[in-house]
Amino acid sequence: MAIKNYDLIIVGGGMVGASLACALKKSPLKIAVIEAFASDSKQQPSYDDRGIALSYGSQRIFEAMNLWSELSSHSTAITDIHISDRGHFGVTRLSAQAENVPALGQVIYARSLGQVLNQSLTTQSNLDLICPAKVTNLKQHQHHVELELDDGQNLSAKLIVAADGGQSTIRQLLGLDVLKHDYHQTAITANITPERPHEGRAFERFTDNGPIALLPMSENRCSLVWTVKAGDESTILTLSDQQFLAQLQDRFGYRLGKLIRVGQRQSYPLKLIQTDQPIQQRVVLIGNAAHNLHPIAGQGFNLGLRDVAALTDVLSTNDNDCGHAQLLHDYCQWRQQDQDDVIQSTNTLVNLFSNNSPLIGHIRGAGLILIDTLPPAKHWIAQKSMGRGRKQPKLGRGISL
Ligand SMILES: Cc1cc2nc3c(=O)[nH]c(=O)nc-3n(C[C@H](O)[C@H](O)[C@H](O)COP(=O)(O)OP(=O)(O)OC[C@H]3O[C@@H](n4cnc5c(N)ncnc54)[C@H](O)[C@@H]3O)c2cc1C
């Protein structure tokens with residue numbers, strides 16, 4: 001079979017890979033996206049029923065990509081964040097009003113995000129969407145990379161972007177080492193309907209058997225992420241709906257009144273997977289392929305989308321050779337600090353809030369009270385969670401390419 005040539009091939013059409021392809025809609029680059037699952041497949045791992053919290057910075061990026069008007073009709077604004085610790089005094093409250101922004105973030109079903117991104121890909125004239133197909137082999141050359149697919153196709157490109165998730169095949173084909181840390185925790189997700197209106201409030205509650213996040217969603221549902229010790233999920237997943245709601249209520253309390261309904265439950269084992277070699281000859285790893293995070297702070301996709309925005313900026317500086325080593329080096333330099341900061345702060349949160357020691361519990365409680373009474377500290381946390389405060393690429397500044 002003849003080799004098909006592209007400038008850029010994105011492996012993985014999940015949240016991050018598809019976002020990059022959409023961001024390059026107006027670029028002169030000839031692009032292919034290779035995705036393992038058909039667009040309408042219910043098995044697509046990136047686009048399931050989880051609620052994804054998008055930071056204000058991510059919203060700005062999607063605005064600049066002209067996708068926000070479509071995404072906003074599927075999103076629910078987070079106007080306030082309430083952070084508490086079960087069994088200890090101390091609460092911190094962040095509010096959009098105090099930050100002088102319309103919302104601290106937005107929540108969208110991963111599935112709705114996928115539908116909007118896929119719809120945009122189908123109308124993109126500079127792009128071939130090759131799916132379902134998987135990469136089975138990769139050969140690097142000085143000026144191009146060749147890929148073999150499981151359907152027998154051979155492709156070549158000046159640059160390969162690996163956006164194929166935490167178990168990245170491209171990373172494995174390159175033989176790259178990863179830093180792996182098993183948190184020995186599992187996230188259980190489900191949609192919950194409470195008795196009282198959530199009024200745009202997101203809740204993060206730390207409990208003796210793991211943090212609980214409830215994010216506001218449409219029709220007064222809340223998207224739950226409940227982190228439990230690995231092994232405990234099998235019992236929790238097999239509880240009846242009433243038993244599940246009773247256990248959750250006991251840990252979360254009555255801030256939203258009685259929890260009255262729960263949807264389908266899913267579980268995700270939690271591991272940090274990180275590579276310190278995100279660029280190789282004519283290959284760059286982004287999103288979960290480069291850094292697979294704990295979801296405690298809801299930062300994984302937001303971080304991946306900032307990778308997308310920076311890479312889009314860098315690629316637009318050299319249309320002749322988008323895989324040039326200098327471009328990849330510039331990208332890597334730009335992203336390093338943000339990636340390290342988010343990984344470190346996520347790990348600190350996991351360690352601090354998964355610790356049952358009474359002493360740490362008191363320190364946590366005191367910390368929440370202190371933050372709540374210190375506007376500059378609250379402002380700093382709010383700005384971080386909104387994805388602000390760093391050198392922003394054009395898309396992050398709301399400038400379309
Ligand atoms: C419980 C939970 C809650 C979360 N909540 C949030 C949140 O609120 N906010 C937030 O910012 N982040 C959140 N995240 C993180 C977010 O889900 C990830 O950061 C995001 O999915 C990363 O996207 P990705 O495209 O890099 O990888 P993935 O979503 O894993 O997508 C990878 C894609 O590559 C495809 N693929 C894999 N292998 C191949 C191959 N060989 N060939 C072709 N295609 C391939 C897959 O089919 C998939 O479509 C959460 C994560 C979890 C587990």
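A: Let's start with Phe203, which is buried at 3% relative accessibility; here buried means under 20% relative accessible area, exposed means over 50% and partly exposed is in between, with a 1.4 Å probe and protein chains only. Phe252 is buried too, with a relative accessible area of 1%. A word on the source: this is a predicted model, in which local features need pLDDT of at least 70 and side-chain atom pairs count only at pLDDT 80 or more, while totals for chains, interfaces and linings use all residues. Residues are numbered from 1 along each chain as its sequence is written, and side-chain values use heavy atoms, with hydrogens and water left out.

Searching the whole structure gives 3 aromatic pairs. Rings of Phe, Tyr and Trp (its six-membered ring) pair if their centres lie within 6.5 Å; planes under 30 degrees apart are stacked, over 60 edge-to-face, and the rest tilted. The ring centres of Phe203 and Phe252 are 5.4 Å apart and the planes stand at 90°, so this pair is edge-to-face. Because Phe203 sits in strand 13 (residues 201-206) and Phe252 in helix 8 (residues 241-252), the pair ties together parts 49 residues apart in sequence. Helices (H or I, at least four residues) and strands (E, at least two) are DSSP runs numbered from the N terminus.

Glu199 is exposed, with a relative accessible area of 57%, and has a positive phi of about 50° although it is not a glycine. Glu219, in the loop between strand 14 (212-216) and strand 15 (222-229), also has a positive phi, near 50°, and counts as exposed at 67% relative accessibility.

Now for the wider setting. The chain has 12 helices and 20 strands, and 54% of its 401 residues count as buried. The largest nonpolar core holds 49 residues, of which Leu8, Ile10, Phe62, Val161, Ile286 and Phe301 touch the most other members. Helix 9 (residues 300-315) supplies the largest share of this core, 8 residues. A nonpolar core is a set of buried Ala, Val, Leu, Ile, Met, Phe, Trp, Tyr and Cys residues joined through side-chain atoms within 4.5 Å. Leaving out residues up to four places away in sequence, Phe301 touches Met15, Val16, Ser19, Ile52, Leu54, Phe62 and Leu113, where contact means heavy atoms within 4.5 Å. Another core, of 26 residues, lies apart from it and includes Ile78, Val101, Tyr109 and Val350.

Met15, Ser19 and Leu113 turn up again where helices meet: Met15, Ala18, Ser19, Ala21 and Cys22 in helix 1 contact Ala110, Leu113, Leu117, Ser120 and Leu121 in helix 5. These residues divide into 8 nonpolar, 2 polar and no charged; Ala, Val, Leu, Ile, Met, Phe, Trp, Tyr, Cys and Pro count as nonpolar, Asp, Glu, Lys and Arg as charged, and the others, Gly among them, as polar.

One more backbone detail to check: a cis peptide bond, with omega about 0°, joins Cys131 and Pro132. Pro132 lies in the loop between strand 8 (127-130) and strand 9 (135-140).
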